[in-house]
Amino acid sequence: MKHLLVAASLLAGVQACAQTRSIVIPERPDAPARLAIVPLKGDLGPEAMTVISGELAARGIPAREGPSVISLIGYEANITDGSPASAGPLREYGGDLGVDFILAGTAERVVGPLFAYDRAKMTLRLIDARTGETRWIGSYGDTVWAAALNTQTDLARAAEHLVKALDDSGADDLIR
């Protein structure tokens with residue numbers, strides 16, 4: 001009985017720590033999205049795309065993402081390497097999406113050593129769709145850090161830290 005009470009109180013304590021976030025994105029016809037988030041490479045790419053979009057929205061940065069971008073670009077477009085050969089497709093994608101900048105990169109799971117939790121590793125590049133030039137690069141992933149609960153928690157932390165870094169560096173001024 002004592003063990004049951006301890007387990008119940010621990011469960012209640014963990015649930016009390018759960019964080020809830022809610023974001024209202026106002027309609028802004030005067031400020032269309034100047035940024036598109038393309039499908040990120042790596043096993044966490046599709047999930048990361050959604051999480052990053054939410055973090056940008058929380059900071060008031062409109063971005064195109066999801067099915068409309070995927071249907072145009074697909075998952076296999078190789079525009080994340082920053083090669084000069086990607087400048088042409090970038091201009092085309094940017095024009096078709098009606099944006100000036102594209103956020104591309106990778107989001108992947110890194111297996112933790114021994115019994116450590118797997119972690120998220122993410123690299124993002126803000127690319128000028130008109131010129132193909134990279135205007136900002138950010139990366140997240142510490143080989144020492146083990147996610148507190150799971151990879152999804154670390155993925156959310158990665159998106160939060162990278163969008164904050166984008167904002168703190170002043171690169172957000174390009175896309176607002």
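## Helix H2 against helix H5

H2 passes H5 in a right-handed crossing, meaning the near helix is turned clockwise from the far one by less than a right angle. This is a predicted model, where local features need pLDDT of at least 70, side-chain atom pairs count only at pLDDT 80 or more, and totals for chains, interfaces and linings use all residues. Residues are numbered from 1 along each chain as its sequence is written, and side-chain values use heavy atoms, leaving out hydrogens and water.

**How the two helices meet**

- H2 (residues 45–58) packs on H5 at about 45°, and their axes are 9 Å apart; axes are lines fitted to C-alpha atoms over the stretch in contact, with angles from 0 to 180 degrees between N-to-C directions.
- On the H2 side, Glu47, Ala48, Val51, Ile52, Glu55 and Leu56 touch Gln152, Leu155, Ala156, Ala159, Glu160, Val163 and Leu166 of H5 (contact is heavy atoms within 4.5 Å).

**Aspartate 154**

- You'll find aspartate 154 in helix H5, which spans residues 151–169.
- Aspartate 154 counts as buried because its relative accessibility is 1% (buried is under 20% relative accessible area, with a 1.4 Å probe and protein chains only).

**The whole chain**

- The protein chain has six helices and four strands, taken as DSSP runs: H or I of at least four residues for helices, E of at least two for strands, numbered from the N terminus.
- Starting at the N terminus, the order is α-β-α-α-α-β-β-β-α-α.
- Of the 176 residues in the protein chain, 36% are buried.

Methods. Buried means under 20% relative accessible area, exposed over 50%, partly exposed in between (1.4 Å probe, protein chains only).
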